[in-house]
Amino acid sequence: MPEDIIGLIRENVIQGRITKDDEGMDEGMVGQPGVTELVEQALASDLRIQDIVTKGLSGGMEVVGQKFEAGEYFIPDMLASAEAVGVAMEILQPRLARSGIKTKGTIIVATVKDDLHDIGKNIVSILLRGAGYAVKDLGHNIDTQVIVDAVREEKPQFLGLSALLTSTMARMADVIQTLEENGLRDQVKIIVGGAPVSEEFAKSIGADGYGADGFQAVAVVEALASGTEN
Amino acid sequence: MPRAGILVDRPYERLTKEQVELIHQASMEILTAPGLISFNEEAVNILHSHGAAVESIPGDHRSWRVKIPEQVVLSAMDSVPGTVKLGARNPDNTIIMQGDEPRVYLITGSETNIWLDVDFPTYVHKSDASREIRVPEFKPRRGTVEDLCQSARVCEHLDMVDGFIRNVNIQDRDITEENKDVNKFFASLNNNTKHFMSGLTSLGQLDNVVRMAELIAGGKKALADNPIISFITCLVKSPLQFVDDTTGTFIEVCRRGLPVAVSSSPQAGTSAPIKEAGIMAQINAEVLAGITLGQLVKPGVPVLYGSVPVRARMDTLSDSYGAIETSQYNIDCVQMARFYGIPNYSTSGVCDSKIPGQQSSIERLFSDIVVAMSGPQYLHCAFGLLDCNSVFCLLQAVLDDAHFKMIKSFLRQPRIDQPEMEAVRKQIRAVAATPQKLYISYIRPVLRSGEISGIYPFEGSGEADDVFELAYEQMKDLLARPVEHIDQKTTARIFEEIPGILPRLNVYERES
């Protein structure tokens, strides 16, 4: 029943169920395989990676997006689904290259030095993974040099910087300046976010984009990836 | 299933047990000295025949001083039902109140003379014609029977409204003192399937409205089992006087065995002492005197301990329902009623403000929250009322409904028990082990169970304050919704048997 597995993956993305222990949206789902188990079954059944990703994972997220737009789903529902997709993508990661599927890109995220707040950054990470990006999360209170070194080594397409304090948002400018000094600025698109950050501030420090919330952050990354950003 | 109301498990109380006892004792003493002045002779005779001392007062008006001994009051109180059922055309809208259970039912009221229409004219900025704003404009006019129908229709669809007290004084040209009662009862009952309470304009119409209710309920016994109507009578005029006509009405209502609210509305500073102890001792005496009379007329008649205390404004000496003390008196009365085990008719949400706006919202919400927290059973919470209950505005009623949803949400009881704690411990351990340390995935079942309160329902976009416009849209939507009218056959019988109902209220005749 390979086709059913893809359908079940799609359904469990909509339900936001990562494993068999998750409740999901409907009654009586605990104990039934979640996205993790289903993706493993799909791989064991030699189903096409392309179908798992496009028909199962992306197909499910498309429905989730429609439900969110219609007011049927709330942000926790979106996040649950995105997290399920993110987990699936991690499982699929080693096989993606072999199957010729290009990932949408890699993004490094970090909360800047002296700032311990990471809820927003974590939510953005979940949503980006759900959107099909490979996310490397450096964590919070990260030294500028650590971020710069990661950009040099990982060569990501995107760098996401987060700060919650007016006293730490200036560190974002430090990161951008240090990337420039190291000749790395042009190889990565930088988006910034966090409560005190604004579009105006983002422009003033030379960032490529600004996300007011997690959804906008994903939209900005998508726009930067397709070259349609303003 | 009757309506659920809002159970306030641990109600807010201002008075200690000792203070409750002190008020009770003071009230008992007041009823013997000085006692009450009664302008109604029948009440005097009833009380006298049960042991009250009576003395004629010389003067132009026939009146008597009535001194009611404590034992007469306490004996009468023994027959007061602790449970009062208020029926409804739709049985699912039945209200069952226990005097010792702080379960709150939200009721509309009172009878306002002025109906406030709402419009949204557009204003253009003087120096920049491209800038326009829409500002609500409120236009007062005399209320009509069609307005009462509209109000009843909207209140039928307001989720938080548990019962309907007629809230518009019908002042059409063809409404007279003789036909007012039958028209307000029919207009309300025909457009609303919740319990209906009203005062009577003319005692002569009592049997007509009771007969109307019998026809709707399905007969005399059916009405007794499912009392779809009840009455409110202000038989007491503060300080300590039985008014002739309303006392007469009260006696007749009691004889018919239908539920009745015994209401007193003293004003602290003028018709009652300004101090809390004083107004409380007096209002309690006044309400107990009324309840005693009712039980002597017909033991076991269902009554509500009705309290509408208010403080006087210091600038005009008129009522100030927005005063902080007014809410304090109301909360005290709720506690006194619970002390006697009698369901309480209480008051909140009455505001001094003349139009919907910030003053109106703050005044009404303040008292709505604190009085609801005290756990009255039958809360006249002034849906849509403004200007000390002299103005009614449908838009305000829609806002009030939304705000009461928030209050209901706030009054939910905490769920903290062993199974809950075990689940929470498991959750905390699970999240602590994850790199992201977020509890978001645990929100969903709680969200779906309805345990999470919503955002403000009339939230504007961006920085715009669209509250009135959004509420107005909802009001129009509610007005457009159909209501379940009284069936055609019963309507025909009502028009045949009950004189004075305006033909234009017959929806079946209008349709044909």
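In chain B, four strands make up an open sheet in the order β11-β8-β25-β24, and their pairing is mixed; here two strands count as paired if DSSP finds at least two bridges between them, and helices (H or I, at least four residues) and strands (E, at least two) are DSSP runs numbered from the N terminus. This is a predicted model, in which local features need pLDDT of at least 70 and side-chain atom pairs count only at pLDDT 80 or more, while totals for chains, interfaces and linings use all residues. Residues are numbered from 1 along each chain as its sequence is written, and chains are lettered from A and ligands numbered from 1 in the order in which they are written.

In general, strands of a sheet pair through backbone hydrogen bonds, either parallel or antiparallel. The table lists some parallel pairs, with one pair of opposite residues for each.

| Strands | Bridges | Opposite residues |
| β2 (residues 36-38) and β16 (residues 241-242) of chain B | Two | Ser38(B) and Phe242(B) |

In chain A, β1(A), helix α5 (residues 119-130) and β2(A) make a right-handed β-α-β unit; right-handed means that, with the strands pointing away from the viewer, the path from the first strand over the helix to the second runs clockwise.

## Cores and buried residues

The largest nonpolar core has 133 residues, and those with the most contacts inside it include Phe186(B), Val260(B) and Leu379(B). Such a core is a set of buried Ala, Val, Leu, Ile, Met, Phe, Trp, Tyr and Cys residues joined through C-beta atoms within 7 Å, where a residue is buried if 20 or more other C-beta atoms lie within 10 Å of its own, exposed if 12 or fewer, and partly exposed in between, with C-beta atoms placed from the backbone. Helix α9 (residues 276-297) of chain B gives the most to this core, with eleven residues. Apart from it lies another core, of 62 residues, among them Met61(A) and Ile126(A).

Ala337(B) lies in helix α10 (residues 324-340) of chain B, and this residue counts as buried because 26 other C-beta atoms are within 10 Å. Leaving aside neighbours within four places in sequence, Ala337(B) is in contact (C-beta atoms, placed from the backbone, within 7 Å) with Gly99(B), Tyr305(B), Ile342(B) and Asn344(B).

## The chain as a whole

Chain B has 17 helices and 25 strands, and buried residues make up 47% of its 512 residues. Its C-alpha atoms fill a box of roughly 85 × 60 × 55 Å, taken along the principal axes. Among contacts in chain B between residues at least 6 apart in sequence, 74% join residues at least 24 apart. Where the chains meet, eight residues of chain B are in contact with nine residues of chain A.

How values were computed. Two residues are in contact if their C-beta atoms, placed from the backbone, lie within 7 Å.
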